[in-house]
Amino acid sequence: MEKFKQFNLEHKIPIMRDKTIDFLYHIFDNYQIAQVLEIGTAYGYSSKYLARHPSISKIITLENDTERFGVAQEYMKGETKIFPVNISAFDYEPKQDFDCIIFDGPKSNQEKLFAKYSTHLKPQGFIFIDNLNLFQKTDKPMTKNRIKLKDKVAAFKQFIEKLSNQSWHVEIHDIDDGFAILRRK
Ligand SMILES: C[S@@+](CC[C@H](N)C(=O)[O-])C[C@H]1O[C@@H](n2cnc3c(N)ncnc32)[C@H](O)[C@@H]1O
């Protein structure tokens with residue numbers, strides 16, 4: 001995995017950070033068999049990492065960028081649990097419910113994705129949302145585009161926090177770039 005991680009970093013692919021993916025990986029220790037949907041494959045680092053967990057039986061992972069999808073497919077040869085799909089998460093129609101739905105794709109319009117995908121979560125399942133503190137602590141120059149995305153994600157984080165007044169348990173962790181874990185009450 002370390003070699004593949006370095007390959008991703010060399011190609012400037014924004015992969016899940018170490019503590020974040022380790023935290024997510026160990027949530028599956030509490031599951032017997034888990035079926036996962038991931039939004040945002042990139043080159044497939046997170047899905048390959050998670051697929052090593054014995055409790056995970058299947059990961060469907062969505063990527064809309066055809067070039068990245070092609071690289072992911074190449075590196076997923078021999079992976080029997082991972083099913084990559086070259087499609088936008090806004091267009092994909094799930095045919096099943098999942099134990100875990102990972103939000104690690106587009107950083108705008110995530111409220112729309114939440115409305116769409118939360119209906120496909122199994123009752124005991126959880127939604128994992130990465131990068132909730134996007135560009136809060138960064139050395140990168142804050143271009144107009146980055147400022148826009150930062151504001152969109154901050155608004156989405158507020159939306160997530162308010163879900164705890166409704167039918168969701170919301171856990172927010174300020175680890176790495178910030179992530180949330182949501183479960184139905
Ligand atoms: C943060 S990267 C994913 C990293 C990956 N999960 C990992 O840790 O290895 C986000 C990816 O989401 C993809 N993406 C952006 N918008 C998308 C959409 N509407 N549907 C599916 N994927 C999308 C981007 O092309 C990018 O590759």
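A residue is counted as buried if 20 or more other C-beta atoms lie within 10 Å of its own, as exposed if 12 or fewer do, and as partly exposed in between. By this criterion, Val153, Phe156, Lys157 and Ile160 in H6 are buried. The model is a predicted one.

**Helix H6**

- Helix H6 comprises residues 144–162, which makes 19 residues.
- From the first C-alpha to the last, H6 reaches 27 Å, close to the 27 Å expected at 1.5 Å a residue.
- Viewed down the axis of H6, the buried residues fall within an arc of 105 degrees, so they line one face of the helix.
- The cover over these buried residues includes helix H5 (110–117) and the strands S5 (121–130), S6 (168–173) and S7 (179–184).
- On the other side of H6, the residues Lys144, Ile147, Lys148, Gln158, Phe159 and Lys162 are exposed.

**Residue Ala155**

- Ala155 belongs to helix H6.
- Because 13 other C-beta atoms lie within 10 Å, Ala155 is classed as partly exposed.
- Ala155 and Asp177 are separated by 22 residues in sequence and by 16 Å in space, C-alpha to C-alpha.

**Surroundings of the ligand**

- The ligand has 19 residues around it, of which Gly40, Ala42, Tyr45, Ser46 and Pro106 come nearest.
- Helix H3 (45–51) and strand S2 (56–63) are the elements that give two or more residues to this shell.
- By type, the residues of the shell divide into 10 nonpolar, five polar and four charged.

Terms used
Residues numbered from 1 in each chain as written. Predicted model: local features only at pLDDT ≥ 70, side-chain atom pairs only at ≥ 80, totals over all residues. Near = placed C-beta within 6 Å. Helix = DSSP H or I, 4+ residues; strand = E, 2+ residues; numbered from the N terminus. Nonpolar A, V, L, I, M, F, W, Y, C, P; charged D, E, K, R; others polar. Expected span 1.5 Å × (residues − 1). Arc of directions from axis to C-beta. Contact = placed C-beta atoms within 7 Å.
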